[in-house]
Amino acid sequence: MEQNNEGSLAQVRHVVLVLSGKGGVGKSTITTELALALRHAGKKVGILDVDLCGPSIPRMLSVGRPEVHQCDTGWVPVYTDAQKSLALMSIGFLMEDPDEAVVWRGPKKTALIGQFVSDVAWGELDVLLVDTPPGTSDEHLAVLENLKKHKVDGAVLVTTPQAVSTGDVRREITFCKKTGVRILGIVENMSGFVCPHCSECSNIFSKGGGEELAKLTGSVFLGSVPLDPLLSASIEEGKDFAQSFPDSSTFSAISTISQTLLNSLQTD
């Protein structure tokens with residue numbers, strides 16, 4: 001039965017999944033930076049972190065391990081700012097020991113994800129970003145089944161430039177097509193390395209794999225984000241990269257991607 005209270009997603013305008021075919025491509029980093037860029041654009045944003053393998057977003061947003069409170073309509077998300085413009089709910093908040101591996105069989109995982117997706121009191125949000133585990137598992141199906149009771153606008157796929165990574169993302173594209181999820185676009189992460197001294201961008205990996213994949217599959221290429229030591233340091237320290245380095249080319253890239261994504265959502 002669909003709820004119509006604040007505990008459901010009734011007041012959330014857009015729901016976007018962030019997917020990757022494999023781990024280690026910076027999916028959680030892209031989720032975090034997109035959320036911050038959208039907040040800087042004046043939007044109310046939420047992040048639902050359902051990555052059971054490694055719920056790292058609380059650290060990236062420097063919220064630690066807060067106590068999660070419940071209200072009549074479900075779990076209350078943790079707000080990262082006084083204006084309550086960026087809300088976070090992470091599966092990491094519910095784990096007793098942050099260093100403990102989640103060694104559960106599928107049914108237990110899917111039951112937790114089902115409860116987790118439907119029981120957060122988000123209130124009013126412009127965009128909810130859902131950080132999923134890597135791959136295409138039953139956990140993804142659990143997320144989708146529960147979110148689709150409301151609405152899923154689509155998915156952003158994160159890859160790195162190399163053929164190994166883009167090959168894994170092809171499977172993610174197939175997954176989206178089979179489950180009826182619209183692909184909002186592809187982001188190529190770690191696209192070149194920004195020298196911290198001269199700001200020149202060198203391609204230490206191959207380049208253009210994400211753009212090529214977008215062309216081959218008829219998807220939108222949202223843009224590329226370089227490996228930037230300043231961004232890495234901000235993520236490690238839980239700082240807002242956009243606030244610290246608003247003039248950097250890396251922030252410009254993230255900002256452009258978030259704006260393209262917003263335009264895509266608003267023209268639905």
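Reading side-chain contacts in a predicted model

Q: Which residue forms a salt bridge with R39, with the closest N and O atoms 3.0 Å apart?
A: Side chains of opposite charge can pair when their charged atoms come close. A salt bridge is counted when a side-chain nitrogen of Lys or Arg lies within 4 Å of a carboxyl oxygen of Asp or Glu. Here the partner of R39 is D240, at 3.0 Å between the closest N and O atoms. R39 lies in helix α1 and D240 in the loop between α7 (229-237) and α8 (241-244), so the bridge ties together parts 201 residues apart in sequence. Helices (H or I, at least four residues) and strands (E, at least two) are DSSP runs, numbered from the N terminus.

Q: What limits apply to these values?
A: This is a predicted model, in which local features need pLDDT of at least 70 and side-chain atom pairs count only at pLDDT 80 or more, while totals for chains, interfaces and linings use all residues. Residues are numbered from 1 along each chain as its sequence is written, and side-chain values use heavy atoms, with hydrogens and water left out.

Q: Is D240 buried or exposed?
A: Relative accessible area decides: buried means under 20%, exposed over 50%, and partly exposed in between (1.4 Å probe, protein chains only). D240 has 10% relative accessibility and therefore counts as buried.

Q: Which other residue does R39 meet in a salt bridge, at 3.8 Å?
A: That residue is D81, at 3.8 Å from N to O. D81 sits in the loop between β5 (78-79) and β6 (86-90), 42 residues from R39 in helix α1. Both R39 and D81 are buried.

Q: How many salt bridges are there?
A: The count is nine. One of them joins K27 to D131, with the closest N and O atoms 2.9 Å apart. K27 is in helix α1 (residues 27-40) and D131 in strand β7 (residues 125-131), 104 residues apart. K27 is buried at 6% relative accessibility, and D131 is buried at 0%. Salt bridges also link R13, E124 and D126 in a network.

Q: How many aromatic pairs are there?
A: Rings of Phe, Tyr and Trp (its six-membered ring) pair if their centres lie within 6.5 Å; planes under 30 degrees apart count as stacked, over 60 as edge-to-face and the rest as tilted. The count here is one. The pair is F241 and F245, 5.5 Å centre to centre with 40° between the planes, and it is tilted.

Q: What is the relative accessible area of F241, and what is that of F245?
A: F241 has 0% and is buried, whereas F245 has 27% and is partly exposed.
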